[in-house]
Amino acid sequence: MPKPFFENDIYKSLSNKDLLKKQEEIQIKISKAETGLLPSDLVDSMLEMQKLIDKEVDERLDDGRM
């Protein structure tokens, strides 16, 4: 299965509220996915999405936008 492509700035346009909601949603999905019911490449993609979301949250916290 091909690996999905993610834009590095996909989460920059979200409001703080929406970004935090996405962060919570992906954490829930990952914890469910790690039970072994989903293919590992799908879990890897979700982990990559989590990194992008966490990076954006951290940047906003660091520069005072959040």
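What share of the contacts in the protein chain with a separation of 6 or more is accounted for by residues 24 or more positions apart? That share is 67%, where contact means heavy atoms within 4.5 Å.

This is a predicted model, in which local features need pLDDT of at least 70 and side-chain atom pairs count only at pLDDT 80 or more, while totals for chains, interfaces and linings use all residues. Residues are numbered from 1 along each chain as its sequence is written, and side-chain values use heavy atoms, with hydrogens and water left out.

**Overall layout**

The protein chain has 2 helices and 0 strands; both are DSSP runs numbered from the N terminus, helices being H or I with at least four residues and strands E with at least two. The C-alpha trace spans about 40 × 20 × 15 Å along its principal axes. Of the 66 residues in the protein chain, 24% are buried. Buried means under 20% relative accessible area, exposed means over 50%, and partly exposed lies in between, with a 1.4 Å probe and protein chains only.

**Helix packing**

Helix α1 covers residues 16-33 and helix α2 covers residues 40-63; their axes come within 10 Å and cross at roughly 150 degrees. Axes are lines fitted to C-alpha atoms, for helices over the stretch in contact, and angles run from 0 to 180 degrees between N-to-C directions. α1 and α2 are therefore roughly antiparallel to each other, a label for angles over 145 degrees. The crossing of α1 and α2 is left-handed, meaning that the near helix is turned anticlockwise from the far one by less than a right angle.

On the α1 side, the contact is made by N16, L19, L20, K22, Q23, I26, Q27, K29, I30 and A33. On the α2 side, V43, M46, L47, M49, Q50, I53, D54, E56, V57 and R60 take part. The residues of this contact divide into 11 nonpolar, 4 polar and 5 charged. Here Ala, Val, Leu, Ile, Met, Phe, Trp, Tyr, Cys and Pro count as nonpolar, Asp, Glu, Lys and Arg as charged, and the others, Gly among them, as polar.

Q50 is placed in helix α2 and is buried, with a relative accessible area of 18%. Leaving aside neighbours within four places in sequence, Q50 is in contact with I26, Q27 and I30. E34 lies in the loop between α1 and α2 and counts as exposed at 53% relative accessibility. With neighbours within four places in sequence again left aside, E34 is in contact with V43 and L47.

**Salt bridges**

Side chains of opposite charge can pair when their charged atoms come close. A salt bridge is a side-chain nitrogen of Lys or Arg within 4 Å of a carboxyl oxygen of Asp or Glu. A search of the whole structure finds 6 salt bridges, including those in the table.

| Pair | Closest N to O distance |
|---|---|
| R65 and E56 | 3.8 Å |
| R65 and D63 | 2.9 Å |

E59 and K55 are 4 residues apart in helix α2, so about one helical turn separates them. E59 is partly exposed at 26% relative accessibility, and K55 is partly exposed at 48%. R65, at 43% relative accessibility, also counts as partly exposed. K12, K55, E56, E59, R60, D63 and R65 are linked in a network of salt bridges.

Definitions and conventions: Parallel < 35°, antiparallel > 145°, perpendicular 65-115°, else oblique.
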